[in-house]
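Thanks, everyone. Let me put the fold on the screen, and then we will walk through the strands, the core and the rings.

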Amino acid sequence: MKTQMNKIAILIAGLLLMLTNSCELADDLVGNATISKITGDWDCEEDSEIFKKSTESNKSAYTVYISPDADNDNGILIDGFYNLGDVGVKATVNGNTITITNQTVEGGYVILSGTGLISGNYNEINWEYRVNIGGSRIDNVTAVYTK
């Protein structure tokens with residue numbers, strides 16, 4: 001009787017473990033699901049402390065393209081980031097958060113850090129990031145990406 005109870009307990013524990021890890025298993029089988037939902041063109045409206053984009057405001061509008069990073073299952077490349085053109089800024093996606101770590105890109109710009117928060121319906125990303133544009137000049141930027 002004890003042996004049968006032990007087998008049932010092990011079976012139940014195994015089933016609970018499988019259910020707990022099912023989302024991770026699904027991501028392992030199909031890749032990072034969030035990345036597939038945010039891949040594509042985005043309209044960006046950016047507010048820069050340094051670059052006054054017009055006489056009326058600091059805002060600038062342009063397009064970026066987000067694609068999966070072939071070198072990182074949880075990574076993306078953002079072409080057009082900071083209106084730099086076809087430069088792939090690397091970032092990591094974890095849940096609904098995108099994180100950019102320190103990296104130097106074409107033109108000598110250093111992306112110091114950045115965080116993007118993805119909306120629940122995947123049609124908006126709210127950003128805060130910092131860019132060293134040379135010397136000690138740091139641009140603090142907020143931006144909104146919309147689909």
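Start with strand 6, residues 103-104. Strand 6 pairs with strand 7 in the antiparallel sense, over two bridges. Two strands count as paired here if DSSP finds at least two bridges between them. Helices are DSSP runs of H or I with at least four residues, strands are runs of E with at least two, and both are numbered from the N terminus.

A word on the source. This is a predicted model, in which local features need pLDDT of at least 70 and side-chain atom pairs count only at pLDDT 80 or more, while totals for chains, interfaces and linings use all residues. Residues are numbered from 1 along each chain as its sequence is written, and side-chain values use heavy atoms, with hydrogens and water left out.

Stay on strand 7, residues 110-118. Strand 5, residues 97-100, also pairs with strand 7, antiparallel, over four bridges. There, Ile-100 has Gly-114 as its bridge partner. Then comes strand 8. Strand 7 and strand 8 run antiparallel and are joined by eight bridges. Leu-117 is bridged to Asn-126 in strand 8. The hairpin of strand 7 and strand 8 also has five residues between the strands, with Tyr-122 at a positive phi near 60 degrees. Tyr-122 is counted as partly exposed because its relative accessibility is 26%. For reference, buried means under 20% relative accessible area, exposed means over 50%, and partly exposed is in between, with a 1.4 Å probe and protein chains only.

Now zoom out. The protein has three helices and nine strands. Along the sequence, the pattern reads α-α-α-β-β-β-β-β-β-β-β-β. Of the 147 residues, 30% are buried. The accessible surface is about 9100 Å², and 53% of that belongs to carbon and sulfur atoms. Those areas come from the Shrake-Rupley method with a 1.4 Å probe; for residues, only the protein chains shown count as cover. On contacts, meaning heavy atoms within 4.5 Å: among those between residues at least 6 apart in sequence, 35% join residues at least 24 apart.

Next, the core. In soluble globular proteins, nonpolar side chains tend to be buried together. How many residues does the largest nonpolar core have here? It has 28, and those with the most contacts inside it are Ile-76, Ile-78, Phe-81, Ile-98, Trp-127, Tyr-129 and Tyr-145. Strand 8, residues 124-134, gives the most to this core, with five residues. By nonpolar core I mean buried Ala, Val, Leu, Ile, Met, Phe, Trp, Tyr and Cys residues joined through side-chain atoms within 4.5 Å. Take Ile-98. Beyond its neighbours within four places in sequence, its contacts include Ile-38, Ile-76, Val-93, Ile-118, Ile-125 and Trp-127.

Now the rings. There are six aromatic pairs. Rings of Phe, Tyr and Trp (its six-membered ring) pair if their centres lie within 6.5 Å; planes under 30 degrees apart are stacked, over 60 edge-to-face, and the rest tilted. Phe-81 and Trp-127 are edge-to-face, 6.0 Å centre to centre, with 75 degrees between the planes. Phe-81 is in the loop between strand 3 and strand 4 and Trp-127 is in strand 8, so this pair ties together parts 46 residues apart in sequence. Phe-81 and Tyr-129 have ring centres 4.4 Å apart and planes at 45 degrees, so that pair is tilted. Tyr-129 is also in strand 8, 48 residues from Phe-81. Phe-81 counts as buried because its relative accessible area is 0%. Tyr-129 is buried too, at 2%. One aromatic cluster holds Phe-81, Tyr-82, Tyr-109, Trp-127, Tyr-129 and Tyr-145.

Last stop: the loops. Asn-83 is in the loop between strand 3 (75-79) and strand 4 (88-94). Asn-83 is not a glycine, yet its phi is positive, about 60 degrees. At 42% relative accessibility, Asn-83 is partly exposed. Phe-51 is in the loop between strand 1 (40-48) and strand 2. Phe-51 and Asp-139 are 88 residues apart in sequence but 8.1 Å apart in space, C-alpha to C-alpha.
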